[in-house]
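I opened my notebook for a new structure today.

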Amino acid sequence: MAKEISNGVNHGTSKPPPTPSPLRNSKFSPESLELPSLFSSSFWMDLHLLCFANLRILVTGGAGFIGSHLVDRLMENEKNEVIVADNFFSGSKDNLKKWIGNPRFELIRHDVTETLLVEVDRIYHLACPASPIFYKYNPVKTIKTNVIGTLNMLGLAKRVGARILLTSTSEVYGDPLEHPQTEEYWGNVNPIGVRSCYDEGKRVAETLMFDYHRQHGVEIRIARIFNTYGPRMNIDDGRVVSNFIAQALRGEPLTVQSPGTQTRSFCYVSDMVDGLVRLMEGDHTGPINIGNPGEFTIMELAQTVKELTNPSVPVNVVENTPDDPRQRKPDISKARELLGWEPKVGLRQGLPLMEEDFRQRLAIPREN
Ligand SMILES: NC(=O)c1ccc[n+]([C@@H]2O[C@H](COP(=O)([O-])OP(=O)(O)OC[C@H]3O[C@@H](n4cnc5c(N)ncnc54)[C@H](O)[C@@H]3O)[C@@H](O)[C@H]2O)c1
């Protein structure tokens with residue numbers, strides 16, 4: 001049974017996980033495998049599952065930026081079968097094209113606000129637009145995705161006895177009054193602002209995860225993701241790293257939202273995927289912060305992109321959007337201690353990898 005670490009307390013009040021359906025047991029469940037006695041502890045069991053067992057894994061939102069990198073990682077293990085359910089609102093089939101046709105891979109056009117019946121062992125629940133441009137486009141749909149979508153995935157997890165991981169967000173901390181943010185901090189979120197459909201939606205999704213865990217014994221994992229960047233981000237999605245790289249490549253001024261001293265931390269996507277898989281296969285429910293604690297002001301980020309990508313573009317300061325948090329930096333002590341995880345890729349290593357991907361998609365070859 002996973003250890004609850006919410007607020008640093010191990011409550012130990014939750015029910016055991018529900019029994020998986022017989023259909024799933026017949027092919028994929030660990031009970032159908034003969035395990036040597038060495039694998040008796042839950043740690044060895046999880047390691048065994050990760051390395052040797054057949055798992056059928058559902059990734060909602062798997063056609064998106066983080067989801068498609070996660071799928072790449074899960075498909076590397078030839079014993080895994082991966083099912084992606086995505087409505088392609090902000091994701092794209094292109095991100096998954098190398099797996100289409102692979103017998104271990106299935107892609108379903110599906111909206112998570114509708115129920116889904118599949119027999120799986122793991123659910124990585126990522127489906128939700130993550131960039132402000134996308135999530136503010138239809139705020140009612142965004143909150144439905146977070147609330148009804150998470151309810152549907154928890155219902156599925158309960159029915160088939162799957163373990164479910166929610167990709168929550170550092171936005172649950174709002175405009176934080178504590179710095180850096182630990183998992184114990186309850187946040188400072190505006191419940192009626194233009195970003196609330198996302199921030200409050202994720203907060204309710206976390207609540208639902210813990211209620212299903214306590215009431216129904218569903219095995220849950222919650223990752224609180226901090227800003228992540230890398231190849232396959234939507235080029236014009238309004239997120240700061242993609243904005244700056246696209247602007248620098250197009251020779252446009254880099255637009256820094258005022259005052260430019262607000263800080264963010266940036267995690268490269270391969271580090272993020274590693275953290276998510278460790279959390280899923282580890283022993284702890286979370287919530288656990290996963291992000292890079294290296295802190296940069298937005299102005300520093302703009303100057304770094306300018307230096308690495310196009311030193312001739314100017315940097316302009318423009319008006320800010322409402323409720324933009326002033327500071328963001330994860331405390332990742334729990335991820336270090338409980339998952340043995342910390343980010344490896346620095347900003348100056350990661351930005352050129354993303355630039356290369358943007359160059360190809362924008363058809364802007366490198367000069368010289
Ligand atoms: N990228 C980040 O910096 C970041 C930070 C914090 C949290 N997260 C979380 O990580 C997850 C993935 O984010 P991302 O950056 O890859 O975003 P993304 O927009 O690239 O991916 C989201 C995916 O979900 C799909 N989707 C949206 N609504 C859906 C619905 N109703 N039904 C089915 N599919 C739907 C989209 O089509 C897309 O493929 C999200 O849950 C997001 O909240 C991301």
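My entries on this predicted model follow.

I found an open sheet of seven strands, in the order 3-2-1-4-5-6-11, paired in parallel. Strand 3 (105-109) and strand 11 (288-290) are at the edges; each has a single partner strand, so one side of each lacks a neighbour in the sheet.

Strand 1 (residues 55-60) and strand 2 (residues 80-86) run parallel and share six bridges. Ile57 faces Val82 of strand 2.

**Helices on the sheet.** I looked up what helix 3 covers. It lies across strand 1, strand 2, strand 3 and strand 4 (122-125), at about 165 degrees to strand 2. Helix 6 (residues 196-216) also packs on the sheet, where it touches strand 5 and strand 6 (220-225). I noted about 155 degrees between the directions of helix 6 and strand 5.

**Ligand shell.** Which residues come nearest to the ligand? Out of 29 around it, I listed Gly61, Gly64, Ser90, Gly91 and Ala130. Helix 3 (65-76), helix 5 (139-160) and strand 5 (163-169) each give at least two residues to the shell. Helix 3 has the largest share, with three residues. I sorted the shell by class and got 13 nonpolar, 14 polar and two charged residues.

**Core.** I turned to the largest nonpolar core, which has 76 residues. Ile164 and Leu276 touch the most other members.

**Cis peptides.** I logged the bond from His179 to Pro180 as cis, with omega near -10 degrees. Pro180 is in the loop between strand 5 and helix 6. The bond from Gly286 to Pro287 is cis too, with omega near 5 degrees. Pro287 is in the loop between helix 8 (269-281) and strand 11.

**Positive phi.** I flagged Phe88, a residue other than glycine with phi near 60 degrees. Phe88 is in the loop between strand 2 and strand 3. Arg232 also has a positive phi, near 80 degrees. Its place is the loop between strand 7 (228-229) and helix 7 (240-250).

Are these two buried or exposed? Phe88 has 13 C-beta neighbours inside 10 Å, so I put it down as partly exposed. Arg232 has 22 C-beta neighbours inside 10 Å, so I put it down as buried.

Terms used: Residues numbered from 1 in each chain as written. Predicted model: local features only at pLDDT ≥ 70, side-chain atom pairs only at ≥ 80, totals over all residues. Near = placed C-beta within 6 Å. Helix = DSSP H or I, 4+ residues; strand = E, 2+ residues; numbered from the N terminus. Nonpolar A, V, L, I, M, F, W, Y, C, P; charged D, E, K, R; others polar. Core = buried A, V, L, I, M, F, W, Y, C linked by C-beta atoms within 7 Å. Buried ≥ 20, exposed ≤ 12 C-beta atoms within 10 Å, placed from the backbone. Pairing = 2+ DSSP bridges. Contact = placed C-beta atoms within 7 Å. Axes fitted to C-alpha atoms, helices over the stretch in contact; angles between N-to-C directions.
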